[in-house]
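Good morning, colleagues. Please have the sequence and the structure open while I speak.

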Amino acid sequence: MAGVDHSLAGVDVRQRFSFTKTKQLQLLDALKNSPHALGAALLSTCNRTEVYLSCQEGFFPDPFELLCQAAELDFADCQGLYHVRRGDECFRHLCLLSCGALSQIWGEDQIISQVKTAVLTAREQRTADSVLEVLFRTAVTAAKRIKTEVRFVRSGNSAATETLKALERRRPLPQNILVIGNGEMGRLTAETLLARGFAVSMTLRQYKRGQIQIPAGARAFDYSLRYQYMPEFDAVVSATSSPHYTVEAPDFLQLERKPGLLIDLASPRDIDPACAVPGQVELLDIDTLSQSAGGDFQQARAQALAQAEVIVEKYRQDFLKWERFRRQAASN
């Protein structure tokens, strides 16, 4: 596997590797058709883009080079921006990633469903071979056990929780919040804020009306009217998969009253960085949202990782047993 993530690249770089659903399917097909590749899966979140390849014996490509070729990106510009892992290292990485131990927001819960979606998409696209199927299934099983048995000491377990904390740090405390985006992250954020007593409104795309369940207590209006209503709000949170800005500087800056806080949970960015106005409008993105952790947290995290590693090793042995059985069956 190979991937770019928050540990090596900021959101401005990562968004170059954030692909639409249609583009992801095209990339999977191209990767699967690479010489000596038997299977391919693509994991794409706001924190990372990773490609997993199952290859013929003795073939060791750079998966990220293949990804760049398929995406028509200049591979020469990507040096130092990504990790490559193989074999056991790849298995360990996927297990720890799936339980949130490698997330920018320590122990976040959403990543495990994103890992499941990655292999499901590969299966539906017929690019996942048996090795990738078992790899992902075993990693998810290990991650579930880690989440059950290991205590993740943290201040928040999702971007929604970190958004709540950012709002509650503001003075005066914001009251009316606009959430742009009604996907999983948008709904989770709205529900989190509603539970804490904020007044929340959400935007709806006209073509999705009737398909989206708005959290109880949230007001909804059409996405096309967002600038008309925006002066009513103290803060705006945007969490969509749109390849374009949902809040554009030319329209935002001409508002007579501007929300004082903008929170961008998307990659690629939803909110034009030019919307930030020093002393008036603060803009937080997914990189700046989570706060630095102190020494006590780092010690607790190290202990949790050590416990997780023991569980990962157990499931690594299970995966190796399956692999040996598969090879024996193939040779008979």
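This is a predicted model: local features need pLDDT of at least 70, side-chain atom pairs count only at pLDDT 80 or more; totals for chains, interfaces and linings use all residues.

Which residues of helix 7 are buried? They are Ala159, Ala160, Glu162, Thr163, Leu164, Lys165, Ala166 and Leu167. Because 8 of the 11 residues of helix 7 are buried, this helix is largely enclosed by the rest of the structure.

Two packed helices are described by the angle between their axes and by the distance between the axes. For helix 7 and helix 8 the angle is about 45°, and the axes lie 9 Å apart. Helix 7 is therefore oblique to helix 8. The crossing of helix 7 past helix 8 is right-handed. On the side of helix 7, the contact is made by Ala159, Ala160, Thr163, Leu164 and Leu167; on the side of helix 8, by Met185, Leu188, Thr189, Thr192 and Leu193.

The peptide bond joining Arg171 and Pro172 is cis, with omega about 0°.

Strand 5 itself spans residues 176-180, and since 4 of its 5 residues are buried, the strand is largely enclosed by the rest of the structure. How many bridges join strand 5 to strand 6? There are 4, and the two strands run parallel. Within this pairing, Asn176 stands opposite Ala199 in strand 6. Strand 6, residues 199-204, is joined to strand 5 in this way, and with 5 of its 6 residues buried, strand 6 is likewise largely enclosed by the rest of the structure.

I now turn to an earlier part of the chain. Here we find an open sheet of 4 strands in the order 2-3-1-4, with antiparallel pairing. Its edge strands are strand 2, residues 37-44, and strand 4, residues 83-84, each of which pairs on one side only. Strand 1, residues 2-5, is joined to strand 4 by 2 bridges, and the two run antiparallel. Gly3 is found opposite His83 in strand 4. Across this sheet lies helix 3, residues 63-71, which spans strand 1, strand 2, strand 3 and strand 4 and runs at about 110° to strand 3, residues 48-55.

His36 lies in the loop between helix 2, residues 21-32, and strand 2. Although His36 is not a glycine, its phi is positive, at about 75°.

Arg126 is not a glycine, yet it has a positive phi of about 60°. At 74% relative accessibility, Arg126 counts as exposed.

That brings me to helix 6, residues 130-149, and its packing with helix 4, residues 88-98: the angle is about 45° and the axes are 8 Å apart. Helix 4 is therefore oblique to helix 6. Helix 4 passes helix 6 in a crossing that is right-handed. Helix 4 contributes Phe91, Leu94, Cys95 and Ser98, which meet Leu135, Phe136, Thr138, Ala139, Ala142 and Ala143 of helix 6. The residues of this contact between helix 4 and helix 6 are 8 nonpolar, 2 polar and no charged.

Thank you for your attention.

Conventions: Residues are numbered from 1 along each chain as its sequence is written. Side-chain values use heavy atoms; hydrogens and water are left out. Axes are lines fitted to C-alpha atoms, for helices over the stretch in contact, and angles run from 0 to 180 degrees between N-to-C directions. Angles under 35 degrees count as roughly parallel, over 145 as roughly antiparallel, 65 to 115 as roughly perpendicular and the rest as oblique. A crossing is left-handed if the near helix is turned anticlockwise from the far one by less than a right angle, and right-handed if clockwise. Contact means heavy atoms within 4.5 Å. Ala, Val, Leu, Ile, Met, Phe, Trp, Tyr, Cys and Pro count as nonpolar, Asp, Glu, Lys and Arg as charged, and the others, Gly among them, as polar. Two strands pair if DSSP finds at least two bridges between them. Buried means under 20% relative accessible area, exposed over 50%, partly exposed in between (1.4 Å probe, protein chains only).
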